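Subject: Structure handover

Hello,

Here is the structure I promised to pass on. Please open it first and keep it beside you as you read.

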Amino acid sequence: MTTMTTTQTTTTVTAPATTAPATRGPLTLPPHIARATATAGGALTVVSAFLAWTWTSAFPGDLTVYGYPGGLQWLVLVSGALVALFGLSSYGIKGLGWLTPQGADPAIRLASYAALATAWFSIIAISVSLGGVVNLEPGAYVALVATLIGWLGARSLPYERPEITPADPEDSAYDQFKHNLSNRWATYKGTLATTTAQPAKTLPSYIEILIVAVVLALGLAVFTYGITTEYDELFIGFLITAGFGFAAIQKAGLIQRVSTLTARHRNVTLVGAFVAAAAFPFTQSDDQYATIGVNILIFATVALGLNIVVGLAGLLDLGYVAFLGVGAYAAALVSGSPTSPLGIQLPFWQAILVGATASMVFGVLIGAPTLRLRGDYLAIVTLGFGEIFRIAVLNLDGTSGPDVTNGSNGISSIPNLSIFGFDFGATHSIAGFTIGRFANYFFLMLLVTLIVVVVFRRSAESRIGRAWVAIREDETAAEAMGINGFRTKLIAFALGATLAGLAGAVQAHVTYTVTPEQYQFAHAVPPNSAFLLAAVVLGGMGTISGPLVGGALLFLIPAKLQFMSDYQLFAFGLALVLLMRFRPEGLIANRRRQLEFHEKDEAPATLTKAGA
């Protein structure tokens, strides 16, 4: 502090606070050498993917070929390419700077983690499966060394070390351990800190639309690759690469930059996304993976309907799967099934309206007496409704009650749909591609998903949508501003139930059978209320793409990791705990919720309409 004295006044001038100087990572490589090492390690990792990793084809993926990657090698190649690409971008090469508007160093670190983790997991899996490292070829060792080199270079990149306080020596050993651990975590977060994104150069509209189309095509390729993985090791490697790779792209600022483009061309993005999704069945040679695809769409669509109730209106509904069941049972009863006590068969458009209307009626009947409750009390009531529905349809078997639902046997042999002469149960040939039964229903469910997305989008941007958000933030303040809280919440409850009924009507025809066991609060196999709520929270509440992504992950992961069937709920709970700790706003969060959960982070001076 500097003091200047005059004969009249004394002025005190305080020196500006200094920030910690840029510090190299735990290793001592100079910055220019570290950057070159990381980039070279990424390039060498790409080369290693073209070498043979084992001499025998007993391990899935055929990793014995020189000059062509196979199986897990493709994942290592992608990870290495990301490291090399971000490394070259950090040198300011013209054209690559657009990829890293928030800085390349954090992206290099995370991409190097992806390459290291995927390569070492692959080599360990090969050694364990084949009986030792003796079965490895030189290419495997090249991959190990290359990823290690890239990781060491990335660890040595400079970063701004955050200010930390030493532990109090008078504290207990455990308190000192926690304090030191907190300091290390703060330092690690400092290595991934990003800079302010550089404004992008204005591009012609057709160029921006082309970029959006390329991103959607890449999304289709990633989804197709993940859903068609043929063995457990490949799917685990895919999760590792996709997780770290997505984090690296996000830290680079590329996700935010693409989001800006999609916000400018929302209608084009919406149409392009559904065109890309419709192309999925044409990438398959049979109906095997279309089964998973249509079930993912059902689950994700129901999660999007729940997002209206939970994400927009802030109503914790723990029995939402019951509305899916109401729609499925209502449509099944009028579908012409031989086991239906009603014995009638309505056209599909009438059956789907019956399912949606029945769910809406139940939503109003349940919501009218209960929506005056708030918080935990409302959650308990909705949980009770979900269980009451399951027990009721279980007892409507002609013995314990009227013969309506056939009890535990459910309604089976639901006939396939036929719309305008198009038989959804038959195999069709379109442009030389063979489209099977589940692919047919995939297209139908995609149309239902489009309807739900449009309804969600229009509702969220309307006056009622703003009223839902106001109630979610502070119901008392919203009512003081003239919003009818009960009526507004009832509309959200009824609309969410209606959308679930639409998906339930299609689900009844896809699965042939509806039974009470399909609609539980918690079960290892989705959809159920716990997984639906988790899909909304995991993906990002209040967004459109969030529940769709969360639903796809929560359905795909249990379907692929069958060997973990006994531990799926444990892994599910652990993943939610970690997510709530490190990213409570979800994978795809809107800007408003991101700022709410990260108040300590630097917020923008103004919050634009697009940001909100």
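Below are the notes on what was found in it.

First, the ground rules. This is a predicted model, where local features need pLDDT of at least 70, side-chain atom pairs count only at pLDDT 80 or more, and totals for chains, interfaces and linings use all residues. Residues are numbered from 1 along each chain as its sequence is written, and side-chain values use heavy atoms, with hydrogens and water left out.

Overall build

The protein has 21 helices and eight strands. These are DSSP runs numbered from the N terminus: H or I with at least four residues for helices, E with at least two for strands. Along the principal axes, the C-alpha atoms fill a box of roughly 90 × 80 × 60 Å.

Of the 612 residues, 44% count as buried. Buried means under 20% relative accessible area, exposed over 50%, and partly exposed in between (1.4 Å probe, protein chains only). The accessible surface comes to about 29,600 Å², and 65% of it belongs to carbon and sulfur atoms. Areas come from the Shrake-Rupley method with a 1.4 Å probe; for residues, only the protein chains shown count as cover.

Now contacts, meaning heavy atoms within 4.5 Å. Among those with a separation of 6 or more, 74% join residues 24 or more positions apart.

Aromatic pairs

A pair of aromatic rings is described by the distance of the centres and the angle of the planes. Rings of Phe, Tyr and Trp (its six-membered ring) pair if their centres lie within 6.5 Å; planes under 30 degrees apart are stacked, over 60 edge-to-face, the rest tilted. By this rule there are 19 aromatic pairs. Take Phe280 and Phe442: the ring centres are 5.6 Å apart and the planes are at 45°, so the pair is tilted. Phe280 lies in the loop between α9 (266-278) and α10 (288-312) and Phe442 in helix α14 (residues 437-460), so the pair ties together parts 162 residues apart in sequence.

Phe443 is partly exposed, at 24%. Phe223, Phe280, Phe282, Phe442 and Phe443 form one aromatic cluster.

Nonpolar patch

Trp185, Tyr567, Phe570, Leu574, Leu578 and Phe582 make a nonpolar surface patch of about 660 Å². Patches take residues with over 30% relative accessible area and no salt bridge; like charges are joined within 9 Å, nonpolar side chains (Val, Leu, Ile, Met, Phe, Trp, Tyr) within 5 Å. A salt bridge is a side-chain nitrogen of Lys or Arg within 4 Å of a carboxyl oxygen of Asp or Glu. Helix α20 (residues 568-582) gives the most, with four residues. Tyr567 lies in the loop between α19 (545-560) and α20. Tyr567 is exposed, at 53%.

Positive phi

Asp62 has phi near 55°, a positive value in a residue other than glycine. Asp62 sits in the loop between α1 (31-48) and α2 (72-90).

Best wishes
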